[in-house]
Each structure stands twice: as C-alpha cells, then as structure tokens.
Amino acid sequence: MAEHLLRTAPDLVAMAAPSGSAGAFSGPHGPRPRHAFSRRNIFIYGTLALVAVYYLLPLYVMVVTSLKGMPEIRLGNIFSPPVEITFEPWVKAWSQACTGLNCDGLSRGFWNSVRITVPSVFLSIAIASVNGYALANWRFKGSEVFFTILIVGAFIPYQVMLYPIVIVLREIGLYGSLWGLVLVHCIFGMPILTLLFRNYFASLPEELFKAARVDGAGFWTIYLRIMLPMALPIFVVAIILQVTGIWNDFLFGVVYTKPDTYPMTVQLNNIVNAVQGVKEYNVNMAATLLTGLVPLVVYFISGKLFVRGIAAGAVKG
Amino acid sequence: MTPTDAGRPSRLFRNLNAKIASIPMVLTALVIFVGGTAWTVVYSFTNSKLLPRLSFVGTTQYERLWAAPRWHMAVENLAVYGVLSLVFSLAIGFLLAALMDQKIRFEDTFRTIFLYPFALSFIVTGLVWQWLLNPDFGIQQVVRNLGWESFTFDPLYNADIVIYGILIAGLWQGTGLIMCLMLAGLRGIDVEIWKAARVDGIPTWKTYLFIVIPMMRPVFVTTLVIIASGIVKVYDLVVAQTSGGPGIASEVPAKYVYDYMFLAQNLGQGFAASTMMLLSVVIVIVPWAYLEFGRRRRHG
Amino acid sequence: MRYRLLTAAFAAGVAYSAGPVGATDLEVTHWWTSGGEAAAVAELAKAFDATGNKWIDGAIAGSGGTARPIMISRITGGDPMGATQFNHGRQAEELVAAGLMRDLSDLAAKEKWTEIVRPKSLLDSCTLDGKIYCVPVNIHSWQWLWLSNKAFEDAGVAIPKNWDEFVAAAPALEAKGIVPLAVGGQPWQTSGAFDVLLMSVGGTDTFLKVYKDKDAEFAAGPEIAKVFKAADDARKMAKNTNVQDWNQATNMVITGKAGGQIMGDWAQGEFQVAGKVAGKDYSCLPGLGLNATIATGGDAFYFPLLKDAEKSKAQEVLATTLLDPKTQVAFNLKKGSVPVRGDVDLNTANDCMKKGLDILAEGNIIPWTDQLLTQDTQKQKEDLFSEFFANASLTPEDAQKRFVDIIAAAD
C-alpha cells in the first residue's frame with residue numbers, strides 16, 4: 001500500500017529514483033508574475049508573511065521566554081524581548097533541573113538519546129538496506145508476501161502491538177535495557193526503510209547486477225561492492241528520517257525504558273511536569289528548545305534532503 | 001544445475017543468503033505484526049487485568065468500552081480533530097503551495113519556515129502551545145494587556161473548545177509537510193497545461209479548481225492517507241498539551257488504550273480499545289486500497 | 001568466586017560492612033517529585049547510604065498514575081528494580097499473586113513488625129495469605145481541608161471551621177478575586193476530593209457501605225445525592241483553578257490566591273518548604289471539620305523478587321532502614337505524614353500533624369479506596385469525576401447514575 005503511496009507522490013518518486021532528484025523542485029510554474037508591487041504580489045507576499053509569523057511565533061516565544069528571569073515572566077508579556085538576558089534557565093535545564101533526587105537536568109537524557117539513536121539508526125538501516133536489496137534482486141518464494149505484511153504493518157496503530165512487544169522483550173531478556181529500545185526502533189523503522197531501499201535498488205539498471213552475477217559474485221559481494229556505493233543518496237535520506245524520528249519518539253521511550261535510560265523527550269516531559277513549587281516557564285522553554293535542537297540542526301543542515309526524508313517518514317505515520 | 005537436481009533440500013537452500021538476510025524482516029512481519037496483532041485481538045476477549053490471562057468473557061470488554069462516556073468522548077474528539085485536521089491541512093497546504101508556486105522570491109526561506117515545526121516532536125509542539133495558550137501568561141493575557149479586558153482565548157481550559165486548541169498545535173506542526181507534498185504535486189503538472197489555459201483565457205482560480213486539482217488527485221489521495229493514518233495515532237500531543245483535560249474533554253482513543261492498559265491495570269479493556277483503533281484504520285485503508293488498486297487493475 | 005565470598009561475608013553477619021566491597025547499588029523507584037516529597041525521600045536515601053549501600057534514585061515524575069505503569073511493566077517485563085513505592089492495598093495485588101514480589105515474612109518475624117507497626121491495619125494491607133510483602137513507611141490521610149488564613153483575612157470573613165462554613169464563605173472570597181477551592185486538573189485529585197466529601201458529608205458508615213460493601217442500591221439513594229450536591233458546590237467553587245498539578249493547587253493556597261484545597265496531608269510538605277506555619281499561615285480541617293476521621297492509607301515499599309543474592313541482601317537492609325525509628329521521624333517530618341510506629345518521638349510535629357496523631361490515638365480510622373477498590377474501578381471513578389468537575393452541564397443526578405453503575409460493576 002505504501003509502495004503505492006510512494007509511486008503516487010511525485011516528490012517521493014523523486015526521492016526513490018537514483019537520478020533526477022533535483023527535478024521535484026526544479027521550477028515553479030504558476031502564472032508569470034507581473035509588476036513588483038502589483039496588488040497580486042502584495043496579496044501573495046502579505047499572506048505568506050502572515051503565515052510565516054504564525055509558524056515562527058512559537059519559536060520566537062520559546063527563545064525569548066528561555067532568556068528571561070522568572071520575575072520578568074510573571075510581570076511581562078510573552079512576546080516582549082527580555083529586558084535582562086539571562087542564560088541561567090539554559091544552564092538549569094541542561095544540568096540542574098530535578099526529577100526527584102536526580103538533579104542532573106536534561107544532560108542525562110541527551111546522552112541516553114544519543115546512545116539510543118546511534119545504534120538504532122545504524123542497525124535499522126543496515127537491516128533494511130539488506131532486506132530491500134534481497135527483495136529487489138534476490139526474490140524468493142514468499143518474499144513478496146512478507147513484504148506486503150510489513151507494509152500493512154506500518155499502518156497498524158502502535159498501541160495494538162505495545163503489549164505483545166513487552167512480552168517479546170521480556171522473553172529475550174532485553175526489557176528495560178537500551179538494546180530493547182533499539183530493537184523496537186529497528187522493528188518499527190523496518191517497513192518504510194525496507195520500502196525505500198527496495199524501490200531504490202529496483203530502479204538501478206539490472207545489467208549491473210547481471211554482469212556481477214556472471215563474474216561469479218555472490219549475494220554479499222554484490223551488496224558491498226556494487227549496491228552500497230551506489231546507494232549513498234538514499235542512505236542519507238534514511239539517516240535523516242531515522243535520526244529525527246527516533247530522537248522525537250516519546251511513546252516507545254516511555255513504555256520500554258526505565259528512568260536510567262530515559263530518552264530526552266521523556267525526560268523533558270518529566271522535568272516540565274515535576275513541578276517543585278511554581279512552574280519555571282523559562283527553564284521549561286529552555287529544556288524544550290534543547291530537546292528540539294538536534295532535529296532542528298539536522299533539518300537546517302540537510303535542507304532539501306530533509307524534505308524527502310520526512311516525506312518518507314510521513315508514510316510511516 | 002538442472003531442474004531435476006533441485007530436490008527438496010536444495011530448493012530450500014537456493015538463494016540461501018537472501019533468505020538469511022531476510023530473517024529479520026520475516027520475524028518482524030510474522031512475530032510482531034501478525035503475531036502481535038492477533039495476540040491483542042484474542043486477548044481483547046478475555047478479562048485480563050494486570051497480567052494477560054486466557055479466561056474468555058466474550059464481548060464483555062467491548063460492551064463496557066462502548067458504554068464508557070470517556071470512550072465516546074475520545075471517539076468524538078478524534079472525529080472532530082480528524083475531519084478538521086484533514087480539511088484544514090489539505091486547504092492550508094494547498095493554498096500555501098499554490099502561493100509558493102507563483103514564482104516568488106525567497107521560496108526557500110518560506111519553505112524552511114513552514115516546515116521547521118515538522119522537525120520537532122509532538123512533545124515539544126505540545127509544550128510550546130501549552131505555554132502560548134496559557135490564559136495567565138499567553139495570548140489571552142497579552143491581548144488583555146493591550147486594553148481589551150474581556151478578551152477570552154483559553155482553549156486549553158475550556159472543555160467545549162479544547163480540541164481546537166490541540167488542532168492549532170497539530171496544524172502548526174503538520175501543515176508544512178502537506179504544503180511540500182502539494183508543491184511537489186503542482187510542480188509535477190505539465191507547463192503546457194498552464195499555457196493552454198492561458199490561451200483559452202481561463203481565469204487562474206478556475207484553472208486551479210477545475211484543471212489542476214483534478215490532475216493532482218494522486219497527491220491528494222496520498223496526503224489524505226498520510227494525514228488519516230497520523231490522526232488515529234494522536235497521543236503525544238494531547239499528553240503534552242492537556243493530559244486529556246480539562247476533565248475528559250480532550251481524550252483520544254490512543255490515550256484511552258494506554259490508560260486502561262497500564263493505569264487501570266485492565267489489559268482486556270485496553271486491548272478492546274486498541275482493537276477498535278485497528279478496525280478504524282482498516283476502515284480507512286481498505287476502501288482506499290480497493291479504489292486505488294481495483295481501478296488500476298481495470299485499466300490493466 | 002567474588003560473589004560467593006560476599007555471600008559468605010554476609011552470612012557471617014557483616015551485613016553492615018561499610019567497606020567498598022559490601023556496597024550494593026539498589027535502585028528504588030517512586031513518584032515523589034514535588035519539593036516536599038523530594039526532601040523527604042532524600043532522608044531515606046541518606047539513611048540507606050549510611051548502611052554502606054547505595055540508593056539509586058529512580059524518581060518518575062507526574063504522579064502515581066504515570067509512575068505505576070512504568071514500575072509494573074518493569075516488574076512484569078523481567079527487569080525489576082530493587083524496591084518500589086506503591087500505595088499499599090490493591091495496587092500490587094496481582095503482582096504479589098503472580099509470585100513476582102518478595103515475601104518478607106521472615107524478616108518481619110525477626111524484627112517483630114507486628115508489634116511495632118501501628119495501627120495494625122497498615123501491615124494487614126501488606127499481607128496476602130498470611131505472608132507480608134511490603135514495608136509501610138508512612139500513614140497518609142486524604143481527609144484534609146487546607147485553608148489559607150491570608151485569603152480569608154483578605155476577604156474579611158472568619159476562617160471556616162467546617163465544610164458548610166467554607167461553602168458559605170465562598171462568595172466573599174470570589175468577590176476579592178480569590179478562587180474559593182483549588183482543585184488541580186489531574187484526574188486523581190477530583191476523584192479523591194469526592195471520596196473525602198463522601199466520608200465527611202456522608203459519614204463513615206455511608207462511605208463503607210458504598211466502597212466496602214459496594215452497595216449499588218444505597219449508592220443510588222438520597223444519602224449519596226447529598227454528597228453529589230456537595231460535590232456540585234465544590235466544582236462551582238473550583239471552576240477558576242486553571243492548574244494541573246496538586247502542588248500547584250497547594251501553591252495557590254500558600255500564596256493566598258485560593259481559599260482552600262481538599263488534599264491529603266502530603267500537602268503539608270509544601271507548606272513547610274514554603275516556610276509556612278500551621279495555625280498561623282494556614283489551617284487544617286481533618287474530615288473537612290465534619291467527621292474527624294482519617295484513613296490509614298499511605299505509601300509502602302515493595303521488593304520485587306531478585307535473583308542477585310547481593311541485591312536481595314541489600315533489600316533486607318533497606319527494609320530494616322525504612323522502619324528504623326530515626327529514619328521514620330526524619331522522613332515523615334519532611335513528608336508531612338505520620339510515622340508507622342507508635343514508639344517514636346514526635347515533639348517536633350506541628351499543629352496539623354498533632355491533630356492527625358490525636359485522631360489516630362482515638363482510633364477513628366477507616367480503610368481508604370486504595371485498599372477497597374481495584375485500580376480499574378479507581379480509574380473509572382477518576383474518569384467520571386474529572387469530567388464532573390470540568391463539565392458544568394453534567395448534572396449531579398446524571399453523575400450519580402454513572403457512579404451507581406461503577407459501584408455495581410466493582411469487585
């Protein structure tokens with residue numbers, strides 16, 4: 001089904017194809033613009049600017065609030081810039097905010113998230129790329145059936161499989177450990193990633209594969225020597241997709257880990273909700289920004305590749 | 001190797017490496033997706049409490065589920081949120097994409113701005129909007145300070161409109177993506193069409209409405225499915241923004257599942273609710289798949 | 001090898017060996033994250049660390065409702081912590097029945113828990129089939145109305161002596177822009193407040209008839225209608241609260257933004273952290289001033305069954321530490337709760353705590369909902385009352401009908 005999705009969305013087709021990836025955004029073709037200050041242009045730019053304000057406002061408020069002291073927040077208005085800039089809330093959010101007796105802020109969650117994200121991204125992509133390669137070039141009886149199940153699985157609400165996975169993890173002794181969560185991310189990343197790689201490898205010229213076969217190269221040799229080097233762009237897309245997706249995960253983090261291994265999102269929710277006395281909105285906002293920083297950085301660095309990554313991720317849901 | 005040589009054992013071993021490589025996929029498909037789903041459905045007919053146990057009670061859990069006011073509220077909220085989210089996402093996404101497609105300057109800047117919220121998690125999104133919509137500090141207070149004393153805008157604290165407060169945050173996070181998909185769709189339309197429309201003197205809005213949009217049907221279907229399958233899973237956003245409150249006014253099915261499974265220690269009830277979620281996804285996906293695949297098959 | 005040596009060392013009675021060899025890390029999970037609670041739990045950690053072991057704090061924020069599922073899924077998921085907080089009663093019932101929790105009977109017999117823990121009902125809640133599975137650490141009672149003296153002074157009315165006077169004073173408070181009753185948005189707060197009203201306005205017998213005997217017919221009757229009428233008053237008084245967490249609501253009382261709050265004695269920890277003095281800055285009415293009875297619910301520590309012998313030994317050390325008189329006093333003073341042993345010196349207790357101790361001494365105690373109802377029933381009640389408090393169009397009559405259904409289905 002999602003395979004079909006990919007085919008229908010032009011952008012996604014561009015993503016899955018080895019060439020012509022720049023085609024999707026090559027050129028606008030609305031009617032030709034007229035004068036610079038025509039009523040039409042004012043309308044267009046005005047609307048876009050207005051909408052841009054709606055999108056930027058929360059980010060602005062987050063930044064501004066995180067730089068204010070609490071007295072100023074209580075008095076002032078959330079949109080006004082800080083009278084006196086303080087980085088105290090950032091320091092506090094990063095290394096001092098408390099959940100119970102643990103007053104080491106978000107830093108622990110950050111490192112947990114790193115420790116979860118890195119192996120999850122690496123493993124899930126390694127597995128899915130081999131899967132996709134096998135599905136594209138080495139079909140065997142039943143391979144398509146499993147693939148279809150996998151794709152349908154992408155649409156099943158996670159809640160349905162929440163508890164069975166607790167049992168599976170318990171049986172293999174990984175429950176509560178970091179590796180348990182890594183496994184869960186590999187499982188739920190598999191449908192979309194396999195799909196990505198399968199379509200990509202299928203779109204490569206078949207002659208390449210056949211020539212290598214004639215030379216006597218086997219399954220792994222062809223994968224490592226020929227397919228892997230050619231698939232770099234799709235690997236980048238997959239990495240972007242997985243890094244943001246796994247970093248932002250909350251549900252799995254809260255269900256399958258323990259406080260020691262809480263990822264950053266869960267810790268953020270904890271810190272914001274573990275109120276001691278009054279809510280420290282400035283610290284909360286700094287913590288929120290810190291948590292969002294990694295995906296934001298990935299976003300701003302990767303630019304258009306990101307669009308393809310998340311478009312693929314959206315199919316995952 | 002001739003076909004006669006390929007006896008039973010060797011057929012099993014043929015393509016062995018590919019089969020070995022596919023073991024993770026096969027396990028995931030069978031154990032997790034098929035096995036896990038079947039397991040949940042089976043146990044939804046039991047009276048499992050804290051621990052799963054196989055004592056069947058027929059459809060008792062479902063009867064209780066559909067008698068629970070909170071479940072009704074959750075389903076109702078999901079319907080309202082779902083319909084509005086679909087309509088607004090598509091409308092805003094398309095309008096923005098159409099505006100972006102007018103050979104404008106700073107296209108990259110605008111796209112960057114519209115899309116960045118999508119990089120943020122629902123938890124982050126929920127917390128930010130909780131802050132903005134806080135009646136004591138947020139937008140309401142700011143407008144009141146400007147002199148409009150009776151101004152009231154506290155969706156998160158008003159049971160009647162709380163779901164719209166969540167919708168505002170959800171749209172903020174998600175419309176950028178829809179815009180991108182729509183824009184890609186618009187760019188996929190042949191330039192000749194625009195030229196022809198212009199030659200025929202058809203006004204721009206008519207061209208969009210009667211020519212371009214029908215041509216973008218596949219893109220609309222794709223985005224529809226993307227939005228719909230996301231809506232059923234709405235959970236983090238509600239948890240971060242309202243925790244389902246005020247009262248039970250912003251409860252959603254996904255949260256009902258979690259709460260009854262883990263908080264109320266009534267697994268059976270949680271399983272029944274998640275089975276209903278599964279059913280709703282099937283209802284969304286199957287007709288679409290049937291339409292799409294059925295139609296294509298007829299055309300060969 | 002090292003492992004065996006250690007057990008041998010323990011067996012030789014050097015359980016308290018303070019050297020680095022004997023130090024065992026024990027992860028303890030709990031949901032004490034507010035200011036007063038964190039200060040109290042620090043006392044426990046300090047006492048446990050002093051035995052040469054190490055308390056690894058596993059605080060989970062966001063009230064017991066968030067924390068319990070995590071604790072339970074870790075125990076059932078085969079990754080148990082060293083010890084965990086629960087409200088004793090039926091929360092851990094199934095875990096114990098499934099053989100996942102450790103039987104502490106031997107230790108209890110050795111240290112004569114049955115003689116030192118008071119009132120006896122506390123240990124009964126820890127007992128299943130004659131075996132003891134948990135260590136009660138405090139007595140918490142839900143049945144308090146906390147009042148801000150400043151709020152009433154500002155409004156120019158006398159500090160109420162009971163619920164009825166409080167309701168009567170509400171308009172005066174509202175006229176000054178003070179929220180009469182602070183009720184946080186978390187579901188357990190609204191349902192807890194109703195339970196307190198049921199016991200206070202309805203009386204002890206009424207409470208037990210509904211929650212212990214699960215008498216649905218009685219729950220549909222006029223006695224309970226009266227309680228729903230009181231709950232209706234409460235929600236009208238609380239409608240401008242706008243906070244989620246209980247301690248934020250308490251903070252409204254501390255700062256005089258709200259007149260009062262129906263909350264357990266743990267609220268006292270918050271008053272203490274804020275430097276407020278009982279009797280001078282705030283007042284307390286046990287049983288809402290109508291029925292001076294308190295429940296002996298509270299927190300207890302359960303110990304999951306572990307395979308690791310060192311950790312199992314450390315569990316025993318922790319259990320002993322928790323009941324130690326010094327720990328009991330230090331912990332409970334910070335927590336605002338009452339110690340579980342009667343032989344400790346509580347001269348430092350404040351006015352409100354002394355009121356609680358007196359009621360205990362008189363024996364006016366009842367079991368609370370944690371002991372009487374399953375989590376499932378509790379959750380349904382929470383759903384009902386969080387809706388009732390937030391949705392003014394749900395009439396008391398309709399709410400009572402739903403309440404009857406819940407009681408009829410309870411087991």
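The model discussed here is predicted.

User: Why is A:V266 called buried?
Analyst: A residue is called buried if 20 or more other C-beta atoms lie within 10 Å of its own; A:V266 has 27 other C-beta atoms within 10 Å, and therefore A:V266 counts as buried.

User: Which residues does A:V266 touch, leaving aside those up to four places away in sequence?
Analyst: With those sequence neighbours not counted, A:V266 touches A:F250, A:G253 and A:V254, where a contact requires C-beta atoms, placed from the backbone, to lie within 7 Å.

User: How far apart are A:V266 and A:S113 in sequence and in space?
Analyst: A:V266 and A:S113 are separated by 153 residues in sequence, while their C-alpha atoms are 9.9 Å apart in space.

User: What are the domains of chain A, and how far apart are their centres?
Analyst: The assignment gives domain 1 as residues 31-86 and domain 2 as residues 107-316, and the centres of these domains, taken over C-alpha atoms, are separated by 34 Å. Eight residues from domain 1 of chain A and seven residues from domain 2 of chain A make up the contact.

User: What makes up the side of domain 1 of chain A that touches domain 2 of chain A?
Analyst: On that side, α3 (39-66) and α4 (70-75) of chain A each supply at least two residues, and α3(A) gives the largest share, with four residues. By class, the residues of this side of domain 1 of chain A divide into four nonpolar, three polar and one charged.

Notes. Residues are numbered from 1 along each chain as its sequence is written. Chains are lettered from A and ligands numbered from 1 in the order in which they are written. This is a predicted model: local features need pLDDT of at least 70, side-chain atom pairs count only at pLDDT 80 or more; totals for chains, interfaces and linings use all residues. Domain bounds come from an automatic or database domain assignment. Two residues are in contact if their C-beta atoms, placed from the backbone, lie within 7 Å. Ala, Val, Leu, Ile, Met, Phe, Trp, Tyr, Cys and Pro count as nonpolar, Asp, Glu, Lys and Arg as charged, and the others, Gly among them, as polar. A residue is buried if 20 or more other C-beta atoms lie within 10 Å of its own, exposed if 12 or fewer, and partly exposed in between; C-beta atoms are placed from the backbone.
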